[in-house]
Amino acid sequence: MNKLRLERHGITQYDEIFYNLSTEELVKHITSTDTPVNERGVITSTGAVAIETGKYTGRSPKDKYVVSEETSRDKIWWGIGPVAPTTNNSDNQQISEETWYYLKDLSLKQLNGKKLYVMDAFAGANPESRMRVRLVTEIAWKAHFFKNMFIRPTDEEMKTFVPDWTVLDACKTSCPNPHRHSLRTDVFIAFNMMERITLIGGTWYGGEIKKGIFSVMNYFLPLKGIGSYHCSANMGKDGDTALFFGLSGTGKTTLSADPKRLLIGDDEHGWDHDGIFNFEGGCYAKCINLSEKNEPDIFRAIRKGAILENVVLNDKGVVDYNSDKKTENTRASYPIHHIDNIVRPTSRGGHPSKIVFLTCDAYGVLPPVSKLTSDQAMYHFLSGYTARVAGTELGVTEPKATFSACFGQAFLLLHPTRYAKILGEQMDKHGSHAYLVNTGWVRGKYGVGQRMDLPSTRKIIDAILDGSLERAEFETMPIFNFQIPKAIAGVDSAILNPRNAWADKVAYDKTYKDLARMFVAHFQNFTDTEKGRALVDAGPQVDS
């Protein structure tokens, strides 16, 4: 264990260390009767292991903190917080170095002297820019999760492995005096860009590890001029690559899982001078209401070697995917090779020819597909719009607009316009075409119209990817100035211009203008930079 040099991370004592265990060994630890009940998993009927993440069944984005230190202070996109009372929507809250050392001391006191799991892996499928990542944790299933989600080094690569970044997962501890240390709660996910360490305390949710490393990649890669994006990617039989951006519920995972194309990755990718590369070695899929009929690839991937989070099982180990008794955010993590239809041997592709921005517009006023100019693409990338329907348990059914910069605002450490600038330059250089696809409502808003049917959306995606959409006749929508096709094979032409499909044209016009004003108001968040100000005219033009 001397070669691990854990003392450089502050770990000087330990009971036992289990280093880079195999999946089989990890499952034995997870399911052992010697493992505490709240850490223990059970084997399901498919061979996957089911675990519970405790109180937190999702991420805690408002408990994310970044140390204000000299190497990164002037680079971070700082958000609202006690140290930085700004007015933007960033989730990057500042903490002082003093608070960092307090949290680090808490974490090290928790980890020192314990039985520890240490796992090493790569983030990034391109050897030129990948990051060597280490996880230190007390929890066997978290080590398994890490092994599933990141890229596994070869035996030869392990001989010289020295981590570029370390995650100290001290989830069994928490901050006893959060307000005294300018924290929101006793939970903390804290980053120190100079020390290259993440501290996790107070939450057992595995997704904090995954998204934390994504945030780190989102910091370092753009500083090198490399794109870093929250998107899925796939490749056609001729090698053409496509990217799919979209927030939860828009169809990003579903539409990129195409039987006619090979999956590169389902969530996080970089774009450099060689093309697209996956950050991860696995997938982390939502599995509420999962069925083999609708999502066959994901359903079949949940087998031996996969982890299920917070699902409901019967006494025979059969999963009830329709149950939200514990959470709606039930999840499955599995290595990407559990999917048959993937790019091999490494998750990489060429420069994307097509880029699809997905939105689920519950207001029902955006067209099913729009062709975007380069500036419009940057505007809508920065906006990251979708509209959700509030939970019916509160009796609220009206749509609510959601804007998440770059379709992944919670994971951006730099100003959003930095990511947009790189994306725009890459698109211009490689001739990429961008489209906005609405998977939400048509013929009226939620409660009046209908959700866009999946077969029609797939036909739209097919027309984008095979190039036939470019040969369509287009018309211009007012205000947003979208170019929309008049006809697409297999799609009802009546819905392509949404105003034509609404029975109440006055209601449509009002809702459409109201949404345009929301875009305009939100985009003010980006006019603090020259790039943002230059894109204002690419957005909707509506009277105040």
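This is a predicted model: local features need pLDDT of at least 70, side-chain atom pairs count only at pLDDT 80 or more; totals for chains, interfaces and linings use all residues.

Biologist: Is F145 buried or exposed?

Modeller: Buried. Its relative accessible area is 0%, and the cut-off for buried is under 20%.

Biologist: What is F145 in contact with, leaving aside neighbours within four places in sequence?

Modeller: G206, G207, I209, K210, Y284, I307, E309 and S333.

Biologist: Let's follow I307. Which strand is I307 found in?

Modeller: Strand 17, residues 307–309. I307 counts as buried too, because its relative accessibility is 0%.

Biologist: How many residues apart are F145 and I307 along the chain?

Modeller: 162 residues. Their C-alpha atoms are separated by 7.1 Å.

Biologist: And what does I307 touch, not counting residues up to four places away?

Modeller: V49, I51, W141, H144, F145, N148, R331, A332 and S333. Take S333: I307 and S333 are 26 residues apart in sequence, with a C-alpha to C-alpha distance of 5.3 Å.

Biologist: Back to helix 3. How do the axes of helix 1 and helix 3 cross?

Modeller: At roughly 155°, and the axes come within 8 Å. Helix 1 covers residues 23–31 and helix 3 covers residues 140–149.

Biologist: What does that make helix 1 relative to helix 3?

Modeller: Roughly antiparallel. The cut-off there is over 145 degrees, so the angle qualifies. The crossing of the two helices is left-handed.

Biologist: Which residues meet there?

Modeller: From helix 1, T23, L26, V27, H29 and I30. From helix 3, A140, W141, A143, H144 and K147. By class, the contact of helix 1 with helix 3 has 6 nonpolar, 3 polar and 1 charged.

Biologist: Now another pair. What about helix 8 and helix 12?

Modeller: Helix 8 is residues 374–383 and helix 12 is residues 505–523. Their axes cross at roughly 80° and come within 10 Å. That makes helix 8 roughly perpendicular to helix 12.

Biologist: Which residues of helix 8 and helix 12 meet?

Modeller: Y379, H380, L382 and S383 in helix 8. On the helix 12 side, F519, V520, H522 and F523. That contact of helix 8 with helix 12 divides into 5 nonpolar, 3 polar and no charged residues.

Biologist: Switching to the nonpolar cores. How many residues has the largest one?

Modeller: The largest nonpolar core has 109 residues. F357 and F381 have the most contacts inside it. Helix 5, residues 207–223, gives the most to this core, with 8 residues.

Biologist: What is F381 in contact with, leaving aside neighbours within four places?

Modeller: Y229, F245, F357, A405, C406, F407, Y419, A420 and L423. There is also a second, separate core of 27 residues. Its members include I11, I17, L103 and I197.

Biologist: Is N310 buried or exposed?

Modeller: Buried, at 3% relative accessibility. R5 counts as partly exposed, at 45%.

Biologist: Last one. Where is K325?

Modeller: In the loop between strand 19 (319–320) and strand 20. K325 is exposed, with a relative accessible area of 73%.

Biologist: How many Å apart are K325 and E470 in space?

Modeller: 46 Å, C-alpha to C-alpha. In sequence, K325 and E470 are 145 residues apart.

Conventions
Residues are numbered from 1 along each chain as its sequence is written. Side-chain values use heavy atoms; hydrogens and water are left out. Axes are lines fitted to C-alpha atoms, for helices over the stretch in contact, and angles run from 0 to 180 degrees between N-to-C directions. Helices (H or I, at least four residues) and strands (E, at least two) are DSSP runs, numbered from the N terminus. Angles under 35 degrees count as roughly parallel, over 145 as roughly antiparallel, 65 to 115 as roughly perpendicular and the rest as oblique. A crossing is left-handed if the near helix is turned anticlockwise from the far one by less than a right angle, and right-handed if clockwise. Contact means heavy atoms within 4.5 Å. Ala, Val, Leu, Ile, Met, Phe, Trp, Tyr, Cys and Pro count as nonpolar, Asp, Glu, Lys and Arg as charged, and the others, Gly among them, as polar. A nonpolar core is a set of buried Ala, Val, Leu, Ile, Met, Phe, Trp, Tyr and Cys residues joined through side-chain atoms within 4.5 Å. Buried means under 20% relative accessible area, exposed over 50%, partly exposed in between (1.4 Å probe, protein chains only).
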